[in-house]
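Morning, everyone. I'd like to walk you through some side-chain contacts in this structure. Have a look at it first.

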Amino acid sequence: MKQSFYIYSEGQLQRKDNTLRFQAWGGKPRDLPIETVSDLYIMTEMTVNTALLNLVSKYGIALHFFNYYDHYIGSYYPKESLLAGQLLVHQVSCYQDENRRLQIAKKFVDGAAGNIYRNLRYYNNRGKNLEEAMEDVMRLREQAEMATSISELMGFEGLIHKRYYESFAEIVNQSLEFEKRVKNPPDNEINTLISFVNSLIYTTVLSEIYKTQLNPTISYLHEPGVRRFSLSLDIAEIFKPLLGDRLIFSMLNRGQITKKDFTEGLNGMHLTKEGSRKVAQAMNERLSKTIRHKALQKDVSYRYLIRLECYKLIKDLIDEKPYEPFVIWW
């Protein structure tokens, strides 16, 4: 099974015959069989050359780059190999049709809200007092369905997340400050974790979109913009509660991540390298975890669930089958 590889040591990433070779400065070279790599995360300074880019492009491997503070700075997105002009026309047409775009965008918000609700229900069943939060999320979810514009829908999406984040203090066992979501830069441990984990999900979604015929720059909930793959933001909304938030709750409640894994600098709070490694490893393990898919009647990984979401969206865009978002059933 292919998996993501995270590189934290400074060095050189190059092509060696028909495989990848990483040479840490002052260390021994390490070869990575190209067939086992889904995507690469460069978490430090790295030297690459055109021979390496040619190889990863041939195998459809995206490179995701993060800076010293674990902030996502961009991706090398290989030349698309699954071009489909007809699908691109449908993608653009659905974006330009205000009603069609709104209906698709509502599905992303509904899926995200459904998974948020199930997270709250999961911890409520384990002794946390979250019934009021559950009721509020369900009420806002129903109101979002009545939105008549993208801006109004985004307003409800923001209210759902605001209410959800207010429940984090009840869910997390550690005594950590967290009053509201702050992104640029994150101002406390939980905001730091959310930002880093969400960026891992965003880039994973981008890698999976690449394996389909979808264009990642044309989106429906988030506005398409210059220099960003906004469709990744749309699809990531559905998987952040399942992949990201549950990972955060689990690592904090089990003491796998504590205050010692954070440090504060001029650019706000950020994870230490050891803390970042632990979170990245846990995310990789979670993406490889399999569940029994009810419709397919077979085991699929969490990573492949993301690609299935892309396929479902394609079927809606070409008028084959209405899109229904993935919602946790357990």
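This is a predicted model: local features need pLDDT of at least 70, side-chain atom pairs count only at pLDDT 80 or more; totals for chains, interfaces and linings use all residues.

I'll take the aromatic pairs, then the arginines by a tyrosine ring, then the salt bridges.

Let's start with the rings. A search of the whole structure turns up 19 aromatic pairs. Take Phe168 and Phe249. Their ring centres are 4.9 Å apart and their planes sit at 75°, so this is an edge-to-face pair. Where are the two residues? Phe168 is in helix H6, residues 168-171, and Phe249 is in helix H8, residues 230-253. So the pair ties together parts that are 81 residues apart in sequence. Buried or exposed? Phe168 has 1% relative accessibility, so it counts as buried. Phe249 is buried too, at 0%.

One aromatic cluster is formed by Tyr122, Tyr123, Tyr164, Tyr165, Phe168, Phe178 and Phe249.

The charged end of Arg126 sits over the Tyr122 ring, 3.6 Å from its centre. Arg246 also lies over the face of Tyr122, at 4.6 Å from the ring centre. Arg126 makes another contact here: its side chain reaches the backbone oxygen of Tyr122 at 3.0 Å. Where is Arg126 in the chain? Look at the loop between helix H3, 98-124, and helix H4, 131-144.

Now the charges. The whole structure has 20 salt bridges. Three of them are worth a look.

First, Arg303 with Asp39. The closest N and O atoms are 4.0 Å apart. Arg303 is in helix H10, residues 302-317, and Asp39 is in strand S5, residues 37-42. So this bridge ties together parts that are 264 residues apart in sequence. Arg303 counts as buried, at 7% relative accessibility. Asp39 is buried as well, at 0%. Both belong to a network of salt bridges that links Asp39, Glu208, Lys211, Arg303 and Arg307.

Next, Lys107 with Glu324. Here the closest N and O atoms are 3.0 Å apart. The pair links distant parts of the chain: Lys107 is in helix H3, Glu324 is in the segment after H10, and they are 217 residues apart. Lys107 is partly exposed, at 26%. Glu324 is partly exposed at 44%.

Last, Lys162 with Glu166. Their closest N and O atoms are 2.9 Å apart. What separates them along the helix? About one helical turn, because they are 4 residues apart in helix H5, residues 150-166. Glu166 is partly exposed, with 39% relative accessibility.

That's my tour. Over to you.

Definitions and conventions: Residues are numbered from 1 along each chain as its sequence is written. Side-chain values use heavy atoms; hydrogens and water are left out. Rings of Phe, Tyr and Trp (its six-membered ring) pair if their centres lie within 6.5 Å; planes under 30 degrees apart count as stacked, over 60 as edge-to-face and the rest as tilted. Helices (H or I, at least four residues) and strands (E, at least two) are DSSP runs, numbered from the N terminus. Buried means under 20% relative accessible area, exposed over 50%, partly exposed in between (1.4 Å probe, protein chains only). A charge sits over a ring if NZ of Lys or CZ of Arg is within 6 Å of the ring centre and within 35 degrees of the ring normal. A polar contact is a pair of N or O atoms within 3.5 Å; within protein, one must be able to donate a hydrogen and the other to accept it, and residues adjacent in sequence count only if both atoms are side-chain atoms. A salt bridge is a side-chain nitrogen of Lys or Arg within 4 Å of a carboxyl oxygen of Asp or Glu.
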